[in-house]
Amino acid sequence: MAYAVTLVRGDGIGPEVAKATQTVVDATGVKIDWTVVDAGVDVMEQYGTPLPEHVLESIRTTKVAIKGPITTPVGSGFRSVNVAIRKELDLYANLRPAKSIEGVKSTFKDIDLIIVRENTEDLYAGIEFEVGTEAVGKANQFLSELSGKTIRADSAIGVKPISDFGSRRIVKFAFDYARANGRKKVTAVHKANIMKFTDGLFLEVARDVAKDYTDIEFEDRIVDNMCMQLMQKPELYDVLVLPNLYGDIVSDLCAGMIGGLGVAPGANIGTDMAVFEAIHGSAPKYAGQNRVNPTALILSGVMMLRYLGETSAADRLQQAVEDIIAEGKHVTYDLAPSGITPVGTQEMAEAIAAKLAS
Ligand code: NAD
């Protein structure tokens with residue numbers, strides 16, 4: 001029987017990398033019944049929203065989706081569709097592996113890190129008050145009274161909720177992942193020395209959860225020190241678990257360590273559904289040019305195949321991607337060795353598909 005999967009094509013370079021991913025996933029021979037839907041700036045006019053209800057409904061039905069990137073306007077305009085999907089479907093775990101691939105230019109070698117980012121809380125909760133509004137005035141007054149501290153009158157205010165429930169389930173996810181995947185150590189990353197109650201709770205819960213996983217080593221690091229350590233001694237680290245904002249930043253740092261956003265995959269996982277997406281955004285300046293690297297979304301497709309239990313197909317697709325990159329003949333501009341003419345997004349996908357068939 002075919003697996004039902006929703007393909008959200010996204011905007012910008014989204015439709016191109018989505019098509020490339022569909023090509024290679026189909027080439028593994030695993031039967032997928034794709035429901036193709038659109039979200040993002042391109043559907044705003046038609047539906048009056050960048051995230052039409054039928055997109056969420058389709059994911060709720062198929063329970064598995066692969067998604068191209070979607071633009072979020074900076075400052076004014078709508079809030080992030082990507083964040084909305086994660087929150088609406090309670091996809092609480094953002095899993096972002098960072099593994100070096102031979103043939104991808106990078107100053108670091110042999111990186112093999114797993115970033116587990118909490119996806120629903122923290123400063124991403126979307127509880128913000130705009131400068132100059134009545135609401136920010138009230139929030140300011142209330143918070144000043146409550147805390148005994150002064151907030152400047154011309155401030156905008158954001159709220160950082162970190163719960164015991166949210167922290168516990170993400171730390172458990174990290175330990176369960178470590179155990180299921182033969183990983184040795186989980187490091188909880190925080191800034192509990194400054195944010196004593198929010199990050200302090202995250203750390204306290206992490207220490208408590210760790211007690212149930214005595215087969216896995218546990219330690220914690222303050223986020224700024226973690227960044228420096230990753231630059232100096234990345235081999236000391238294995239699985240990192242972080243609240244939302246630090247997770248977003250540190251995972252981009254780790255993507256940079258393996259050669260950039262073009263090769264960094266990801267997954268958003270909930271209790272019974274998952275949405276797979278690259279870490280990179282919609283790179284609008286390259287949209288419609290069949291130019292960008294499809295590897296990040298294709299490797300997200302590998303993660304999807306593993307999630308579906310199609311381990312052998314996942315291994316074969318991963319190997320085909322690694323072979324094509326190592327050969328360096330059918331790769332996009334960002335991967336092409338000097339002297340080699342790069343190919344387009346879809347041509348790279350077709351070379352991977354041909355490798356799978358060979
Ligand atoms: P971006 O990732 O879109 O692009 C940054 C740069 O990275 C690009 O200019 C390009 O040089 C490079 N790049 C990205 N993907 C690449 C690929 N596949 N191949 C080769 N090079 C690639 O980041 P940005 O410019 O900060 O964001 C653009 C838009 O995407 C924003 O609206 C942002 O909000 C959105 N965004 C969406 C997601 C998502 O859908 N999950 C994630 C991040 C950013």
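**Where domain 2 meets domain 3**

Between domain 2 and domain 3 there is one salt bridge, meaning a side-chain nitrogen of Lys or Arg within 4 Å of a carboxyl oxygen of Asp or Glu. Its partners are Asp199 and Lys160, with the closest N and O atoms 2.8 Å apart.

Hi everyone, a quick note on what we are looking at. This is a predicted model, where local features need pLDDT of at least 70 and side-chain atom pairs count only at pLDDT 80 or more, while totals for chains, interfaces and linings use all residues. Residues are numbered from 1 along each chain as its sequence is written, and side-chain values use heavy atoms, with hydrogens and water left out.

By an automatic or database domain assignment, the protein splits into domain 1 (1-98 + 262-358), domain 2 (107-114 + 162-257) and domain 3 (122-160). The C-alpha centres of domain 2 and domain 3 lie 29 Å apart. Nine residues of domain 2 and four residues of domain 3 make the contact (heavy atoms within 4.5 Å).

Now, how much area goes under? The two domains bury about 590 Å² between them, 55% of it on carbon and sulfur atoms; that is accessible area (1.4 Å probe) lost on putting the two parts together, summed over both. On the domain 2 side, Ile162, Asn244 and Leu245 lose the most area to domain 3, together 67% of what that side buries.

And which elements touch domain 3? On the side of domain 2, α7 (198-210) and α9 (244-257) each give two or more residues, these being DSSP helix runs (H or I, at least four residues) numbered from the N terminus. The largest share, four residues, comes from α9. Thanks, all!
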